[in-house]
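Colleague: I have some questions about how the terms are used for this model. Please set each value against its cut-off.

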Amino acid sequence: MTPLWKPLGFQRESPLMNLDAPCCPRPLKSGWPVLAKSGRPGGFTLIELLVVIAIVAILASLILGGLAQAKEQTRTLRCLNNLKQLQLAWHLYAVDNEDFFPGNDHWGSTLKDLVWAPGTMLFETDLIPSGFEQAVTNKMLLMSRLPGSIGPYAGSAEIYHCPNDKSYIILGGVKVPRIRSYKANQFVGSAGGGQALNNVATNRYVFKTTQFTGLSPSDTFILIDGHESSMGDSQFQPPTFDQFALNLFGFSTLPGARHRGSGTMSFGDGHVEKHRWKEKSTIIPVTRITYYIADVGPSRDVRWLAEHATCKIK
Ligand SMILES: [Zn+2]
């Protein structure tokens with residue numbers, strides 16, 4: 001009589017379980033190494049894995065460093081291109097105005113003041129006149145047709161701003177970028193209010209292209225990337241030979257150094273260049289307060305700026 005049930009037990013013939021099969025999965029044949037659990041041939045040891053990780057990290061840092069360098073080179077080229085276009089606008093203005101350079105007076109706050117770029121770049125943390133934010137944020141001001149302005153020749157407000165200039169003011173709790181990064185050599189350009197004539201007896205001022213007497217246009221800078229904490233008005237006040245006589249090596253206006261320790265500028269003959277500052281005392285941290293430095297001690301950079309801004313009248 002056939003039993004109605006069979007006892008559950010081990011059955012060698014079961015297709016689901018074959019005792020002759022290997023008890024462990026076979027090694028992968030894909031070619032990819034696997035980590036050995038117990039020094040089994042074909043896998044990485046821990047030291048090998050660490051070496052591989054270190055090599056990958058070094059390669060990644062090299063690639064990322066190269067990318068960062070390439071990006072900075074692009075930003076420097078954009079800055080130089082801005083200066084080139086502004087310098088061209090500067091010359092076009094002179095062509096249309098009997099060879100007189102654009103305005104480069106002090107504040108440019110009234111129609112009487114001739115100024116190539118109206119507006120004073122301050123921070124809300126400075127002691128500021130009311131309504132200052134208009135000059136700091138309104139790009140239409142740069143395009144103005146005020147006497148002395150090169151805006152109509154420049155054609156675009158964007159070229160007044162260095163790509164590395166991250167300065168801003170806070171308006172209503174929101175960060176708003178400032179619109180201008182460049183300044184113009186105090187000794188070049190017309191003086192409407194007389195402020196620029198203070199040193200006219202000892203330093204050469206150039207108001208027209210034909211007045212580069214004793215100065216080489218290719219060695220005299222016109223527009224310069226300004227320091228974020230020293231932007232203020234549109235006029236760059238270079239160190240002068242007069243202050244050297246007093247043994248003072250300071251910056252009434254700080255030059256920009258935001259291109260990896262270099263500044264950018266245009267020159268009287270129209271060329272532009274990047275200039276690497278040589279002293280650590282020139283590469284000054286950015287603060288959100290406008291200031292100047294009376295004395296940094298003997299400095300090759302202070303002297304270079306003086307020598308490329310004007311010459312002493314004998
Ligand atoms: Zn720049």
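Colleague: What makes strand 3 and strand 4 a pair?

Modeller: Pairing needs at least two bridges between two strands. Three bridges join strand 3 to strand 4, so the pair meets the definition. The two run antiparallel. Tyr182 stands opposite Asp225 in strand 4. Keep in mind that this is a predicted model.

Colleague: Which strands make up the open sheet, and in what order?

Modeller: Five strands form the sheet, in the order 5-3-4-6-7. The pairing is mixed.

Colleague: Why are strand 5 and strand 7 called edges?

Modeller: Strand 5 (235–236) and strand 7 each have a single partner strand, so one side of each lacks a neighbour in the sheet.

Colleague: What lies across strand 3, strand 4, strand 6 and strand 7?

Modeller: Helix 1 does, running at about 25 degrees to strand 6.

Colleague: How do you know that the span of helix 1 is close to the expected one?

Modeller: Helix 1 covers residues 46–96, which is 51 residues. The expected span is 1.5 Å times one less than the number of residues. That gives 75 Å, and helix 1 reaches 75 Å from its first C-alpha to its last. Glu98 follows helix 1, with a positive phi near 50 degrees.

Colleague: What makes a residue of helix 1 buried, and which ones are?

Modeller: The cut-off is 20 or more other C-beta atoms within 10 Å of the residue's own. Among the buried residues of helix 1 are Thr76, Cys79, Leu83, Leu86, Trp90 and Tyr93. Their cover includes helix 4 (151–154), strand 3 (182–185), strand 4 (221–225), strand 6 (262–267) and strand 7 (272–276).

Colleague: With which residues is Leu83 in contact, beyond four places in sequence?

Modeller: Contact means C-beta atoms within 7 Å. Leu83 is in contact with Tyr182, Leu223, Thr264, Met265, Ser266 and Val272.

Colleague: Which residues have the most contacts inside the largest nonpolar core?

Modeller: Leu83, Leu86, Trp90, Ile150, Ile222, Leu223 and Met265 do, in a core of 46 residues. Elements giving two or more residues to this core include helix 2 (132–137), helix 3 (139–142) and helix 6 (300–307). Helix 1 gives the most, with eight residues.

Colleague: How many residues score a pLDDT of at least 70?

Modeller: 80% of the residues do, and the chain averages 83. Over residues 8–17 the pLDDT is below 50, and beyond near neighbours in sequence this stretch has one contact. Residues 193–199 are also below 50, with 14 such contacts.

Key
Residues are numbered from 1 along each chain as its sequence is written. This is a predicted model: local features need pLDDT of at least 70, side-chain atom pairs count only at pLDDT 80 or more; totals for chains, interfaces and linings use all residues. Helices (H or I, at least four residues) and strands (E, at least two) are DSSP runs, numbered from the N terminus. A residue is buried if 20 or more other C-beta atoms lie within 10 Å of its own, exposed if 12 or fewer, and partly exposed in between; C-beta atoms are placed from the backbone. Two residues are in contact if their C-beta atoms, placed from the backbone, lie within 7 Å. A nonpolar core is a set of buried Ala, Val, Leu, Ile, Met, Phe, Trp, Tyr and Cys residues joined through C-beta atoms within 7 Å. pLDDT is the predictor's confidence in each residue, from 0 to 100. Axes are lines fitted to C-alpha atoms, for helices over the stretch in contact, and angles run from 0 to 180 degrees between N-to-C directions.
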